[in-house]
Amino acid sequence: MKEVISVFGLGKLGCSMLACFANKGWNVIGVDINEGFVDKVNREISPIYEPDVDELIKVNSDRISATTDTEYAVINSSISFVIVPTPSTKDGNFSTKYVEAVVVGIGSILRTKDEYHLVVITSTVLLGDMEIIVKLLEKTSGKKCSVDFSVCYNPDFIALGSVVRDFTNPDMILIGESDNKGGSILESIHRNLVDNNPNIHRMKLHNAELAKISLNSYCTLKITF
C-alpha cells in the first residue's frame with residue numbers, strides 16, 4: 001500500500017504535483033490557505049492552469065482531497081511536500097517566510113504524532129536555509145531529526161507550461177537528505193512516479209542546496225547570453 005502524501009501549496013507547481021501523485025496511485029491531501037483553491041480541488045477543478053492538470057484531477061478525484069487544516073493533513077499523511085513561494089528580496093536573496101510558516105505548522109502537529117514523518121522541501125532555498133528549517137522542526141515538534149522524523153530537500157527542475165511532463169520525465173532528480181531512511185523513501189517515490197529512468201543524485205542537505213543554486217545560475221547565464 002502506498003503512503004499518503006500531503007502537498008502544502010496548491011499553486012502551479014504544488015497543484016501539478018498533487019495531480020501527478022494521484023495519477024500514479026497515491027492518496028493525496030492538498031493544503032493551502034487559499035480557501036478558493038481548496039474548494040476548487042474538492043470540486044474536481046484545477047485552481048491553476050497547466051496542461052493536463054485539470055484532467056488528471058478529474059480522473060483521479062477519488063484519491064484527492066484538499067483542506068486548509070494543517071493538523072488534518074499531517075495526521076493523515078506520512079510524507080509532506082512543501083512547495084510554497086520563496087520570493088526574491090531586494091538584496092537578491094530568497095525569502096523563506098512562507099516555507100517557515102508551513103514548517104512551524106507541521107512541527108507543532110508532529111509534537112502530538114507518534115508515527116514517523118518525512119518532510120520534503122521542494123521550494124527553492126539558499127545555502128544554509130535547510131539547517132534553519134531542520135532546527136525549526138525540532139524546536140516546534142520537540143523531536144529529533146533523523147530519529148523521529150526526516151527532512152529532505154528535493155527541488156524541481158521544471159518549466160511552467162510543461163510541469164506535468166517535466167515532473168514525470170525529469171532529466172535528473174536531486175535529493176538532499178538528513179538521513180538514509182528519508183532519502184530512501186523519497187527515492188522510492190520518485191522511482192514509482194517517473195515515466196523515464198533518470199539519474200537520482202542523493203547527497204547531504206547543504207550539497208543539494210549548492211547544486212540547485214549552481215544549476216539555476218548556469219541556466220540563467222545561458223539564457224542571458
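**View 1. Lining of the largest pocket in the predicted model.** The largest pocket is lined by 34 residues, of which I83, V84, P85, T86 and S123 lie nearest its centre. Here a pocket is an open set of points, on a 1 Å grid over the protein atoms alone, with protein on both sides within 12 Å along at least five of seven lines, and lining residues have an atom within 4 Å of a point. The volume of this pocket is about 750 Å³, where a volume is the space filled by probe spheres set on the points, and grid points are joined across faces, edges and corners. Two or more lining residues come from each of helix 1 (12-23), helix 5 (97-110) and helix 9 (205-224), and helix 5 gives the most, with four residues. By class, the lining divides into 18 nonpolar, 12 polar and four charged residues (Ala, Val, Leu, Ile, Met, Phe, Trp, Tyr, Cys and Pro count as nonpolar, Asp, Glu, Lys and Arg as charged, and the others, Gly among them, as polar). This is a predicted model, in which local features need pLDDT of at least 70 and side-chain atom pairs count only at pLDDT 80 or more, while totals for chains, interfaces and linings use all residues. Residues are numbered from 1 along each chain as its sequence is written, and side-chain values use heavy atoms, with hydrogens and water left out.

View 2. Eight strands form an open sheet in the order 3-2-1-4-5-6-7-8, with mixed pairing; helices (H or I, at least four residues) and strands (E, at least two) are DSSP runs, numbered from the N terminus, and two strands pair if DSSP finds at least two bridges between them. Strand 3 (64-67) and strand 8 (199-204) stand at the edges, each with a single partner strand, so one side of each is left without a neighbour in the sheet. Neighbouring strands of this sheet are turned by 25° against each other on average, direction ignored. Strand 7 (residues 172-177) pairs with strand 8 in the parallel sense over six bridges, and G176 stands opposite M203 in strand 8.

View 3. Strand 1 and strand 2 run parallel and are joined by four bridges, with V7 opposite G30 in strand 2. From strand 2, V28 and G30 point one way and I29 and V31 the other, all of them buried, that is, under 20% relative accessible area with a 1.4 Å probe and protein chains only. Helix 1 lies across strand 1 (5-8), strand 2 (28-31), strand 3 and strand 4 (79-82), and runs at about 170° to strand 2; axes are lines fitted to C-alpha atoms, for helices over the stretch in contact, and angles run from 0 to 180 degrees between N-to-C directions.

View 4. A cavity is a set of points where a 1.4 Å probe fits but cannot get out, and the count comes to one cavity of 30 Å³ or more. The largest cavity has a volume of about 90 Å³, and its lining includes N154, P155, D156, F157, I158 and F167. Helix 7 (163-168) and strand 7 each give two or more residues to this lining, the largest share, three residues, coming from strand 7. The lining has eight nonpolar, two polar and two charged residues. F167 lies in helix 7 and, at 5% relative accessibility, counts as buried. Not counting residues up to four places away in sequence, F167 touches M17, C20, F21, D156, I158, L193 and V194, contact meaning heavy atoms within 4.5 Å.

Notes. Buried < 20%, exposed > 50% of the residue type's maximum accessible area, 1.4 Å probe, protein only.
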